[in-house]
Amino acid sequence: HFFDFSLFFFVLPMAASAESNEDATEMSPLLHTRHIKVESPLLSMPEQLSRRSFSRSLLKLGASDSGVSWKRRALSLFGPGLVVMLADTDAGCLITAAQTGATWGYSLIWLQLALIPFLFMAQELTVRLGVHTGLGHGELIAKHFGKGWAWLSVITLVITCTGALISEMTGIVGVGRLLGVPDLVSAGVAAVILIIVVFTGTYRQVEIAALIMGLFEFTYFITMALSFRWSDFSSSVFHFNFSDSRYSFLIAANIGAVIMPWMIFYQQSAVVDKGMRSSEIKFARVDTLIGAFLTQAIMSSVIITSAGTIWIHMGSKFPNPSPPEQIGEFAAAIREHIYGNLGTALFCIGMLGGSMVGAVVVALTAAWGLGEVAGYSHSLENSPRSAPWFYVTFGLCVFIG
C-alpha cells in the first residue's frame, strides 16, 4: 500500500504540469476547428491506444457541438466516482463497520466524517491524472519510472485485488448460507452474473449495472433509522478510548477500509476509458465528492445499526467483550432487535450489493492494470474478440476469487 501511494504522489506533479500545459494549449486558435476542439490530452495519447478508442474520444469531444445537451452530457459523466466509492463499502468494509459499532458503540462515528476529505483528495487526484494525461495509472508509472517499477506496482495491485475478491465472495457466500444456499452455488451464480455483465456490456452499461448493485447498500439507511436512539447516541458518541489498543486497532482498520490502492487504479482507468476531457473535470469532481460523502454515510449507517442492535443490548460496555464476527452472527443479532426477518433481509441485501459492486470493480481494476503495463487492449468498449486478454484476465480474477 505504501509503495502504491508513494508512486501516486510522485506522479502528481506531472498532472499539474499537464494541466498547466493544457491551459496554454487551449489559448491557441490553431488547435480549434469549427466543429471539434482538440485538446492536449488527445495529443499526448500513447501509440498503444487503439484507433477505436481515439475515434471514440474525438466523437465525445464534438458532442457539445453536435446538438447534445450539456446537461445530458454532464449526467453521462457521472459514474466512476460513485461506482468506486460504492465498491469501497464492500463486504470487508461493511463487516469492519459492523464490528466497530458492536464493540465501541457510536464512539467512532467521528472517524468516518474525518476521513471524507482525505478520501476525496486521493480520488480527485486520480481524476486529474487520468483526464490531463489520457493514461491509466500503470501507464503513467511505466512512462515516467520505467517498466520495472510499473510491473512491481501492478503485481502488488493484482495481489490486493485477489484478496479483495476473496473477501467479496466470502460476503456473498455468507448471505447464501443464511438462505440455505450451498457455498459453490452462491459463488458460482455471482461469478456468472459478473461475467455476463462485463463480457456483454459497453463501459456505460457495466457502470450502470454496478451502480444498481451498489444501490442495494442503501438498505442500511433503513436499518439505521429503525435502530437509532438519540439518547444512547448523544451519551456515547464523544466517548474516546485512545489509550485502549483495541480502540486504536479499529481506528487503523477503518482507515484501511476507506482508502485502498485499487481504488486509485480503477478511477483513473475509468475516466480514461470514458473519454473524459479537461473541460468536464468539474463534473468528475462533483461525482467523486458525492461518492465520498455517500460511502462514509453507508459506513456510519452500519456502525449505528450495529451499535443500536448489538452494543446497546449487550450492556453498552466499552468495549463490548464478545462482539459478533461472522455475517450470520450479525444477521441473527439484528433479526432479534429489528422487526425479525425484515432486519435480516435488509442487512443481507446491503451486504450482497456491496460484495457484488466490489467484485466488479476489483476484477476490472486488475484487468485494466495488467493491460496498461503489458500493452494489450484494455477497454470495455472493445469486444472479447478484439481484446481477448483483457476479458480473460477479468474472468480469471473472478474464478480465483
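Colleague: What makes aspartate 244 and arginine 246 a salt bridge?

Modeller: Their closest N and O atoms are 3.1 Å apart. The definition asks for a side-chain nitrogen of Lys or Arg within 4 Å of a carboxyl oxygen of Asp or Glu, so this pair qualifies. Keep in mind that this is a predicted model: local features need pLDDT of at least 70, side-chain atom pairs count only at pLDDT 80 or more, and totals for chains, interfaces and linings use all residues. Residues are numbered from 1 along each chain as its sequence is written, and side-chain values use heavy atoms, with hydrogens and water left out.

Colleague: Is aspartate 244 buried or exposed, and how do you know?

Modeller: Buried means under 20% relative accessible area, exposed over 50%, partly exposed in between (1.4 Å probe, protein chains only). Aspartate 244 has 17% relative accessibility, so it counts as buried.

Colleague: What about aspartate 183 and arginine 177?

Modeller: They form a salt bridge too, with the closest N and O atoms 2.8 Å apart. Aspartate 183 has 29% relative accessibility and is therefore partly exposed. Arginine 177 is exposed, because its relative accessible area is 57%.

Colleague: How many salt bridges does the structure hold?

Modeller: It holds 7. Glutamate 280 and arginine 277 also meet in a salt bridge, at 2.8 Å from N to O. Both of these residues are buried. Glu124, Arg128 and Arg285 are linked in a salt-bridge network.

Colleague: Why does glutamine 267 count as buried?

Modeller: Its relative accessibility is 1%, so it is buried.

Colleague: What joins the side chains of glutamine 267 and threonine 288?

Modeller: A polar contact of 2.9 Å. The term covers a pair of N or O atoms within 3.5 Å; within protein, one must be able to donate a hydrogen and the other to accept it, and residues adjacent in sequence count only if both atoms are side-chain atoms.

Colleague: What makes up the largest nonpolar core?

Modeller: It has 100 residues. Such a core is a set of buried Ala, Val, Leu, Ile, Met, Phe, Trp, Tyr and Cys residues joined through side-chain atoms within 4.5 Å. Trp262 and Met351 are among those with the most contacts inside it. The largest share, 15 residues, comes from α19. Apart from it lies another core of 10 residues, including Leu77 and Val271.

Key
Helix = DSSP H or I, 4+ residues; strand = E, 2+ residues; numbered from the N terminus.
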